[in-house]
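Here are my notes on the model, as numbered points.

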Amino acid sequence: MTKLMVWPYFRRGPYPYVELDYNQHSYGPRREIRGDWLEFSFAAFRLIRETGRCPVNAFVTVGTGVGLDAIGAAHILRPQHIVALDIHEQVAELAHRNIEHNVRIPEPHPVVDVLQSDMLTALSPGFKADLIYENLPNIPAYKPLDYRQDILSATYFARAVETVVDAPIAQYLLSSHHDILRQSLNFLSPTGHVLCSIGGRVPVSVLDHLFESAGYRHQVLVVGLKEQTEAEEVLSGYRWAEAEHGVVFRFVDLDGADIVPGVQLLGPVSWLQVEELTAVWPWISAHEAWSRWRQGHRVGHLVFAILAHPQAPVC
Ligand SMILES: C[S@@+](CC[C@H](N)C(=O)[O-])C[C@H]1O[C@@H](n2cnc3c(N)ncnc32)[C@H](O)[C@@H]1O
């Protein structure tokens, strides 16, 4: 088991660590939460709790990986019901053990369900969530891929996503986010929200459009800068998309700029603030990021935690 310090992120309890098991298919931080996607997601959970904007009785995470997102939600948001979903059977089993082991909440202890599920398909019809959290893979399986191998399911989505009418959403590799936003409309309570953790490697206008097109109003809660992990696979995927779709993604050479990864802005944040923050950053394409990474540079990208609520009332 690996111990990770959680006190900077969770409400303080008697024990400052989580203890996690991993397997070769599971995705999640292995040494510390700092620098991981969850550093930003936990900041968003805290903002949701502090503002009381979205009371969370039923929490769903889709693509839970090792289950740390559900453990964090249990401690920060204190929902009564937690549902953790992952497409990979062995990941779901592992997440279940990790969640049971680490959710040390005094009575009432939340009800926890962990299910193998492709997106939200395992949810019962009629189930309603107050918060659906997602950090789904972005890159389509553009090369032969054994989907069940290693942790590639955390990088690539192999299944066909809904046909997205808007070309930029597909070209900028945002289809899995669009798909989960559309599916979530069937499972949100009247005050329910979706929290999307999105690699902000795309122009902000495209992100704006993503939520509009899926039928949501949105608010950026957290803007972070993250070093690109799994760089070999991920940068290859983005290079492929640049060539295939004629678009340019946005990365930063962390060794060529005086910018420190971590949380950059806490929300609600406007896109104008994001543009002001990053206006002088030396942006590079995925092709250039790949070359610099091959030369030994660290490359990074923005991360956005975006809270979305349906434009039309849900029933
Ligand atoms: C990038 S990891 C995110 C882990 C964790 N939620 C976090 O925020 O750090 C993506 C996870 O989504 C899972 N996944 C990929 N495609 C999925 C799908 N169609 N339905 C459900 N889970 C999926 C992967 O197995 C992986 O565990």
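1. Helices α7 and α9 cross in a left-handed way (left-handed if the near helix is turned anticlockwise from the far one by less than a right angle, right-handed if clockwise). Helix α7 covers residues 231-245 and helix α9 residues 286-294, and they pack at an angle of about 150° with their axes 8 Å apart. That makes α7 roughly antiparallel to α9. Angles under 35 degrees count as roughly parallel, over 145 as roughly antiparallel, 65 to 115 as roughly perpendicular and the rest as oblique. The axes are lines fitted to C-alpha atoms, over the stretch in contact for helices, and angles run from 0 to 180 degrees between N-to-C directions.

2. Who makes that contact? From α7 come A231, L235, Y238, R239 and E242, and from α9 come A286, H287, A289, W290 and W293. By class, the residues of the α7 contact with α9 are seven nonpolar, one polar and two charged. (Ala, Val, Leu, Ile, Met, Phe, Trp, Tyr, Cys and Pro count as nonpolar, Asp, Glu, Lys and Arg as charged, and the others, Gly among them, as polar; a contact needs C-beta atoms, placed from the backbone, within 7 Å.)

3. Some housekeeping. This is a predicted model, where local features need pLDDT of at least 70 and side-chain atom pairs count only at pLDDT 80 or more, while totals for chains, interfaces and linings use all residues. Residues are numbered from 1 along each chain as its sequence is written. Helices (H or I, at least four residues) and strands (E, at least two) are DSSP runs, numbered from the N terminus.

4. Next pair: the axes of helix α1 (residues 37-51) and helix α2 (residues 68-76) come within 10 Å and cross at roughly 25°. That makes α1 roughly parallel to α2, and the crossing is right-handed. On the α1 side, L38, S41, F42, F45, R46 and R49 make the contact; on the α2 side, L68, D69, G72, A73 and I76 do. The residues of this α1 contact with α2 split into six nonpolar, two polar and three charged.

5. At 1.5 Å a residue, its 15 residues should span 21 Å, and the end C-alpha atoms are 22 Å apart, which agrees (the expected span is 1.5 Å times one less than the number of residues). The buried residues of α1 are W37, L38, E39, F40, S41, F42, A43, A44, F45 and I48. They pack against α2 and several strands, including β6 (129-134), β10 (216-227) and β14 (299-310).

6. H177, H178, L181 and R182 of α5 meet L210, S213 and A214 of α6. The α5 contact with α6 has three nonpolar, three polar and one charged residues by class.

7. Two non-glycine residues deserve a look. M119 has a positive phi of about 50° and sits in the loop between β5 (111-116) and β6. M119 is buried, with 21 other C-beta atoms within 10 Å. (Buried takes 20 or more other C-beta atoms within 10 Å of the residue's own, exposed 12 or fewer, and partly exposed is in between; C-beta atoms are placed from the backbone.) L173, with a positive phi of about 60°, is in the loop between α4 (167-171) and α5. With 23 C-beta neighbours inside 10 Å, L173 counts as buried.

8. Which peptide bond is cis? The one joining G267 and P268, with omega about 5°. P268 is in strand β12.

9. Last, two loop residues. A141 lies between β7 (139-140) and β8 (156-157) and, with 17 C-beta neighbours inside 10 Å, counts as partly exposed. Its C-alpha is 8.6 Å from that of G237, 96 residues away along the chain. R78, in the loop between α2 and β4 (81-86), has 15 such neighbours inside 10 Å and is also partly exposed.

Terms used:
Contact = placed C-beta atoms within 7 Å.
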